[in-house]
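Me: I would like a close look at a single part of this structure, taken slowly and with its surroundings.

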Amino acid sequence: MASAKDIKLPADALAHQVSRSLGLSTSPSAVLHSPPSSLGASIPHAAAASAAAKQLKPFATEDVKILLLENVNQTGRDILAGQGYQVEFLKTSLPEDELIQKIRDVHVIGIRSKTKLTARVLKEARNLIVIGCFCIGTNQVDLKYAADHGIAVFNSPFSNSRSVAELVIAEIVALARQLGDRSNEMHNGTWNKVSNKCWEIRGKTLGIIGYGHIGSQLSVLAEAMGMNVIYYDVVNLMAMGTTRQVATLDELLGEADFVTCHVPELPETENMIGQKQFEIMKTGSYLINASRGSVVDIPALVQAMRSGKIAGAALDVYPNEPAGNGDYFTNDLNSWATDLRGLKNIILTPHIGGSTEEAQSAIGVEVSQALVKYVNEGTTQGAVNLPEVGLRSLTMDQPNCARVIYIHQNIPGVLRRVNEILGDHNVDKQMTDSRDDVAYLMADISDVDTAMLKDLYERLESLSSRIMTRILY
Ligand SMILES: NC(=O)c1ccc[n+]([C@@H]2O[C@H](COP(=O)([O-])OP(=O)(O)OC[C@H]3O[C@@H](n4cnc5c(N)ncnc54)[C@H](O)[C@@H]3O)[C@@H](O)[C@H]2O)c1
């Protein structure tokens, strides 16, 4: 079976591939252009026929096999199927042995968080060139093993920013009005109409810690609802609207009525809100954490709420979270779970900040587009485990061009040897970058025919530094 890696084929097979994969033109609009007149004289009639029918597609579309697990969103499936790739779609993840059977055959695999792509599984994935994580995290993939074997990994870290921001807005209002408690009381048959310590949010100050994708979205929404917004970030960032960056975390904590955390999980952010920070916060203020469970010291929060210093809190994330749904939010999971559950005016949600239909749909689009760009053009921008390299697309008026992608060990002297090989050709553009032990080189060369490509491929493959060679044309 021809594969995306198999451009190492003998001349006949190579010509056959060329017939089906003219052009690395990369946008769907490629079909609007005339086909290239030649890639030398080696293009068989089939190519000409398909070109005449304007059915050109980027890169060997018939041959790219994709396995999508865990009910990847329809948006992603449509984009991949629209490329003409062979897409097998399953609603669930697979037990490891079945996964190993299936992964042997595919060039691309799309997963969500349940499928574990361990070294043991990836070892069997002989044709795999890229993994799409249709989710935020990539912990389920052995990223190092994948990188060392030239397998790119993409995810979608920011598609759900708006969903998180909207949830936080809802929580600010719900905490200010003690909605969770009133609702629980009514569910228990108790009518408890109170206005004591229930507030409007208009005119109150929201303090955002971490003014990135979510923090900045949130600030726009909060301002629209009449809040004053301040933020603290380690980076100097342009304020949205009339929000204001403050110089220190303590300054934010001392000024804000509502404090909300939107920082990444880093050693510096571990327990960044603990006893000392609660002491600095205003009496009667509120804390929201929808970032990562390690950011807030929860026993300290329990104390601060019991003492009345903190009037309410909303937590969406926890140091330990169960792998699946069920009755797991107990002391077995986190030693303070019972204490937390017993507090008043605390909203506890099971990591649903980004869990909306819109976010899933956006994730489907973002990841599948990254996969298409990688398969068709070799672009690694957004990859989490390889250096980020991209060249502008080849166009249909460059008929005898090819794109060489050479993933190799990052060791001294490799580039000299690669350039000796490429140097026999007209190199239009070239870019290379490295990340840890792996380097990624991309070069567009012109005036090549299939015999030259075959020779080029074989010479690159013979270098001891080689991890993977791909040639797109
Ligand atoms: N609850 C959910 O379902 C959910 C969904 C998506 C993201 N998240 C989490 O939300 C958090 C924020 O996500 P994002 O997409 O906005 O990230 P982002 O990378 O866009 O923004 C993070 C911001 O935090 C700043 N920052 C880093 N370290 C800091 C520090 N020590 N002090 C102050 N600021 C610091 C960065 O400079 C950056 O501006 C992440 O932890 C992410 O994992 C949770």
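How many bridges join strand 3 to strand 4, and do the two run parallel or antiparallel?

Reply: The model is a predicted one, and what follows should be read with that in mind. Strand 3, which covers residues 108–111, is joined to strand 4, residues 130–133, by 4 bridges, and the two strands run parallel. Within this pairing, Ile 111 has Cys 133 of strand 4 as its bridge partner. Strand 3 also pairs with strand 1, residues 65–68, through 3 bridges, again in a parallel arrangement, and here Val 108 is the bridge partner of Ile 66.

The faces of strand 3 can be considered next. In a regular strand, side chains alternate between the two faces of the sheet.

For a helical contact elsewhere in the model, one may turn to helix 7 (residues 161–176) and helix 9 (residues 213–224), whose axes come within 8 Å and cross at roughly 45 degrees. That angle is why helix 7 counts as oblique to helix 9, and the crossing of the two is right-handed. Helix 7 contributes Ser 161, Arg 162, Val 164, Ala 165, Val 168 and Ile 169 to the contact, whereas helix 9 contributes His 213, Ile 214, Gln 217, Leu 218, Leu 221 and Ala 222. Sorted by class, the residues of this contact comprise 8 nonpolar, 3 polar and 1 charged.

Definitions and conventions:
Residues are numbered from 1 along each chain as its sequence is written. This is a predicted model: local features need pLDDT of at least 70, side-chain atom pairs count only at pLDDT 80 or more; totals for chains, interfaces and linings use all residues. Axes are lines fitted to C-alpha atoms, for helices over the stretch in contact, and angles run from 0 to 180 degrees between N-to-C directions. Angles under 35 degrees count as roughly parallel, over 145 as roughly antiparallel, 65 to 115 as roughly perpendicular and the rest as oblique. A crossing is left-handed if the near helix is turned anticlockwise from the far one by less than a right angle, and right-handed if clockwise. Two residues are in contact if their C-beta atoms, placed from the backbone, lie within 7 Å. Ala, Val, Leu, Ile, Met, Phe, Trp, Tyr, Cys and Pro count as nonpolar, Asp, Glu, Lys and Arg as charged, and the others, Gly among them, as polar. A residue is buried if 20 or more other C-beta atoms lie within 10 Å of its own, exposed if 12 or fewer, and partly exposed in between; C-beta atoms are placed from the backbone. Two strands pair if DSSP finds at least two bridges between them.
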